[in-house]
Amino acid sequence: MSTPKDNTTLSLKESLKEYWPNLIGFSLLPFLFALGSQHIPQIFIHITFFVSFIFAVLPVMRKQAPYSFWIFGLGLWVICGVLAIIASMILALINS
């Protein structure tokens, strides 16, 4: 991941192209919460949340990405949360 040369903030489209790996862990967290919370120790879930949160917001904190990048990441997190709840409900129906 490169830093803008003249210390300017990238547009949302450019920052998504550049920093999309930062959002992967953050968007997969709801699946960890919904599907693995009974089998994974709580401390691991807390540490994973903190690390992925910092990694996702880092481009915004460094002023390399606009604040809308963080809003997009939060929206992605909510959508993945809904999908994780649906997946856990389907798995509960299958297992019962």
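# Exercises on a predicted model

The largest nonpolar core contains 13 residues, and those with the most contacts inside it are Tyr19, Phe26, Ala56, Val60, Ala65, Phe69 and Trp70. At least two residues of this core are supplied by each of α2 (21-36), α3 (42-61) and α4. This is a predicted model, in which local features need pLDDT of at least 70 and side-chain atom pairs count only at pLDDT 80 or more, while totals for chains, interfaces and linings use all residues. Residues are numbered from 1 along each chain as its sequence is written, and side-chain values use heavy atoms, with hydrogens and water left out.

**Exercise 1.** Find the residues with which phenylalanine 69 is in contact, leaving aside its neighbours within four places in sequence.

*Solution.* Begin with the terms: a nonpolar core is a set of buried Ala, Val, Leu, Ile, Met, Phe, Trp, Tyr and Cys residues joined through side-chain atoms within 4.5 Å, and contact means heavy atoms within 4.5 Å. Next, with those neighbours left aside, phenylalanine 69 is in contact with Leu12, Ser15, Leu16, Tyr19, Leu23, Ala56, Pro59 and Val60. As background, nonpolar side chains in soluble globular proteins tend to be buried together.

**Exercise 2.** Decide whether serine 27 is buried or exposed, and find what its side chain reaches.

*Solution.* First, serine 27 is found in helix α2, where helices are DSSP runs (H or I, at least four residues) numbered from the N terminus. Second, serine 27 counts as buried because its relative accessible area is 10%; buried means under 20%, exposed over 50% and partly exposed in between, with a 1.4 Å probe and protein chains only. Third, the side chain of serine 27 reaches the backbone oxygen of isoleucine 24 at 2.9 Å. Finally, leaving aside neighbours within four places in sequence, serine 27 is in contact with Leu76 and Cys80.

**Exercise 3.** Classify serine 68 by its relative accessibility, and state how far it is from lysine 13 in sequence and in space.

*Solution.* Serine 68 lies in helix α4, and it counts as partly exposed because its relative accessibility is 32%. Serine 68 and lysine 13 are 55 residues apart in sequence, and their C-alpha atoms are 10.0 Å apart in space.

**Exercise 4.** Locate lysine 63 and describe its phi.

*Solution.* Lysine 63 lies in the loop between α3 and α4, and it is exposed, with a relative accessible area of 58%. Its phi is positive, about 65 degrees, although lysine 63 is not a glycine. For background, most residues other than glycine have a negative phi.

Conventions. A polar contact is a pair of N or O atoms within 3.5 Å; within protein, one must be able to donate a hydrogen and the other to accept it, and residues adjacent in sequence count only if both atoms are side-chain atoms.
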